Amino acid sequence: MKLNATLIALFLSMAILLPNCLLAQEKTKFAMVGLSHGHSPWFFEWGKQDDMELVGVYEPDAALANRFKERYDLDASLIYSDLDKMLSESKPDGILVFGPIFYHLEAVEAAAPRGIHVMVEKPLATNPKDAKRMAALARENNIHLLTNYETSWYPSTEKTYRLFEEDKGDLGEIRKMVFHHGHQGPKEIGVGPEFLTWLTDPKLNGGGALVDFGCYGANIMTYLKHGEKPLSVRAVTKNYKPEIYDKVDDEATIIVDFKDAQGIIQASWNWPFNRKDMEVYGQSGYVITKDNENMRWRFVGQKEEVSEVKAEELGLVSNPFIYFENVIKGKVELAPYSLYSLENNLMVVEILEAAKQSAATGRAVMLK
């Protein structure tokens with residue numbers, strides 16, 4: 001049977017349109033939950049890719065939402081002041097949570113039953129009770145729940161891990177880990193008022209510098225130690241600038257004791273400049289990072305090696321939104337206790353809670 005010209009033309013047009021339709025369907029739909037975190041512009045300014053679609057923005061502060069709308073030329077239809085309505089109408093594949101840490105649980109409670117994946121800014125929660133509830137919701141509803149840290153996509157972080165894994169014969173087992181994280185202080189560096197308000201609120205943020213920057217070291221040491229649970233946590237907090245930070249600490253030193261290693265976290269809003277660096281010492285060598293790419297290491301009997309490490313050479317995804325998208329699409333499987341993983345970040349919250357208790361009582365807190 002011969003096809004007439006009209007039918008042939010129809011088939012050809014469908015053949016041309018079908019690939020475009022498939023490409024459109026492959027776009028990952030993201031929604032923003034909160035805009036008050038100082039990291040929220042990341043998605044708009046460099047994180048969003050061509051295969052990602054922003055389908056909704058929830059922000060209860062109308063003035064803040066309007067500023068983002070104008071700054072990034074967002075369609076008014078994307079902005080919602082009701083979280084449930086936004087999720088029901090926009091139907092995202094994943095949400096990016098950029099509000100107060102205290103409300104991370106609320107976001108997961110709304111998203112998980114709908115089968116929507118979640119990535120929150122660090123840390124996972126302000127307390128273990130909320131963290132465990134979030135984990136239970138994620139597992140019950142078979143969603144991914146990630147926690148994003150800037151240091152998770154540092155090539156120097158991953159290179160440190162690989163050096164101790166691949167060159168264990170030269171470096172030996174880890175014995176000491178020292179983390180320096182922080183900056184001059186949130187007010188001093190000029191964070192927005194909507195961020196500063198909750199960042200310095202003990203309920204909404206869970207603490208001050210101890211939480212804001214103590215979580216980085218806890219996250220990385222849990223990765224380096226493959227999820228080994230610490231024996232105890234000791235902490236001392238200070239408030240050097242009570243005229244600015246009258247409700248929370250601005251300085252914290254945390255000692256995390258493992259069976260055969262020690263982690264020291266120096267979290268501060270009093271550094272003279274921004275710092276995100278670490279020192280990791282093995283039985284027969286060390287690895288020291290200066291920043292996200294510059295680092296040095298030395299094995300016993302050898303000269304120190306200085307290197308600038310790039311994400312590409314490690315096969316590292318340096319865009320957290322692409323990483324989240326890859327997890328959603330099944331392109332990446334989250335290894336237990338890896339940096340973004342739920343297991344790791346439950347441990348982080350437990351360490352931070354023990355640190356807060358230790359600072360308050362002056363005694364070491366034993367972890368069960």
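Predicted model: local features only at pLDDT ≥ 70, side-chain atom pairs only at ≥ 80, totals over all residues.
On the side of helix 5 the contact is made by His104, Leu105, Val108 and Glu109; helix 6 contributes Asp130, Arg133, Met134 and Leu137.

Strand 4 (residues 94-97) runs parallel to strand 5 and is joined to it by four bridges, with Gly94 standing opposite His117.

Strand 5 itself comprises residues 117-121, and five of its five residues are buried. The strand is therefore largely enclosed by the rest of the structure. In a regular strand the side chains alternate between the two faces of the sheet. In strand 5, His117, Met119 and Glu121 point one way, whereas Val118 and Val120 point the other way. Residues on either side of strand 5 are buried.

The loop between strand 4 and helix 5 contains Phe102. With a relative accessible area of 27%, Phe102 is partly exposed, because that class lies between the 20% limit for buried residues and the 50% limit for exposed ones. Leaving aside neighbours within four places in sequence, Phe102 is in contact with Thr126, Asp130, Lys203 and Leu204. One of these residues, Asp130, also takes part in the contact between helix 5 and helix 6. Phe102 and Thr126 are 24 residues apart in sequence, and their C-alpha atoms are 5.8 Å apart in space.

Another part of the model is an open sheet of nine strands with mixed pairing, in the order 14-13-12-11-7-10-9-8-15. Strand 14 (305-308) and strand 15 (365-366) stand at the edges of this sheet. Each has a single partner strand, so one side of each is left without a neighbour in the sheet. Within the sheet, strand 9 (residues 251-257) and strand 10 (residues 262-268) run antiparallel and are joined by seven bridges. Ile254 stands opposite Ile265 of strand 10. Helix 13 (residues 342-361) lies across strand 8 (232-238), strand 9 and strand 15, and runs at about 60° to strand 8.

Phe258 is located in the loop between strand 9 and strand 10. The relative accessibility of Phe258 is 3%, and the residue counts as buried, because buried means under 20% relative accessible area. When residues up to four places away in sequence are not counted, Phe258 touches Met177, Met221, Lys225, Glu228, Lys229, Pro230 and Leu231. Phe258 and Val233 are 25 residues apart along the chain, with a separation of 9.2 Å between their C-alpha atoms.

How values were computed:
Residues numbered from 1 in each chain as written. Heavy atoms only, no water. Buried < 20%, exposed > 50% of the residue type's maximum accessible area, 1.4 Å probe, protein only. Helix = DSSP H or I, 4+ residues; strand = E, 2+ residues; numbered from the N terminus. Pairing = 2+ DSSP bridges. Contact = heavy atoms within 4.5 Å. Axes fitted to C-alpha atoms, helices over the stretch in contact; angles between N-to-C directions.
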